[in-house]
Amino acid sequence: MVCLGNICRSPLAEGILKSKVDSSKVVVESAGTGGWHVGEKPDERSIDVARKHGLDITDQRGRKFSAYDFENFDYIFVMDNSNYRDVVTLANTEEEKEKVQLILEEIFPGDNVDVPDPYYGGNQGFENVYQMLNEACEKIANRLQ
Ligand code: 4NP
């Protein structure tokens, strides 16, 4: 799960997908394309909305996406088109590039829809992001199981 800062959207996506899959079979991680928040906990508003829905994401720490992630993961879900461009630039092969997908393709295939960045907005933005990610992660989890 990849976003820009790895403190708002992708930590929520990580927590949500983890809650829907068997952790002995599926490894879920998140990362940011930017490095400003490496080592930090998720944004308090993401922690709060996760908690409201029964998820604890406080043990997550920010890290930066790396080209090695293409080797370690089968699927790379990005939150928006800007993340897509930043991640695909680091792909070395067509096969690596094909691992990258906008996460909302799960719900709106072919529509090229972004998960809006809630960083500069209010709490309602985080609830909206939670709802979108929950629906997308449900589809991903069903496919993986
Ligand atoms: P995220 O949101 O990409 O969903 O984690 C952001 C968090 C921090 C910044 C930008 C987006 N920032 O510029 O610090």
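**Notebook: fold and ligand site**

I counted 6 helices and 4 strands in the protein chain; helices (H or I, at least four residues) and strands (E, at least two) are DSSP runs, numbered from the N terminus. The order along the sequence is β-α-β-α-α-β-α-α-β-α. The radius of gyration, 14 Å, is close to the 15 Å from the globule rule for 145 residues, so the chain is as compact as a globular protein of that length. That radius is taken over C-alpha atoms, and the rule is 2.2 Å times the number of residues to the power 0.38.

A note on the source: this is a predicted model, where local features need pLDDT of at least 70, side-chain atom pairs count only at pLDDT 80 or more, and totals for chains, interfaces and linings use all residues. Residues are numbered from 1 along each chain as its sequence is written, and side-chain values use heavy atoms, without hydrogens and water.

Next I looked up the ligand. Its surroundings are Cys3, Leu4, Gly5, Asn6, Ile7, Cys8, Arg9, His37, Asp117 and Tyr119 (near means a heavy atom within 4 Å).

I then checked polar contacts (N or O pairs within 3.5 Å; within protein, one must be able to donate a hydrogen and the other to accept it, and residues adjacent in sequence count only if both atoms are side-chain atoms). A backbone N or O atom of leucine 4 lies 2.9 Å from a ligand oxygen. Cysteine 8 also places a backbone N or O atom 2.9 Å from an oxygen of the ligand. For arginine 9, a polar side-chain atom lies 2.8 Å from a ligand oxygen.
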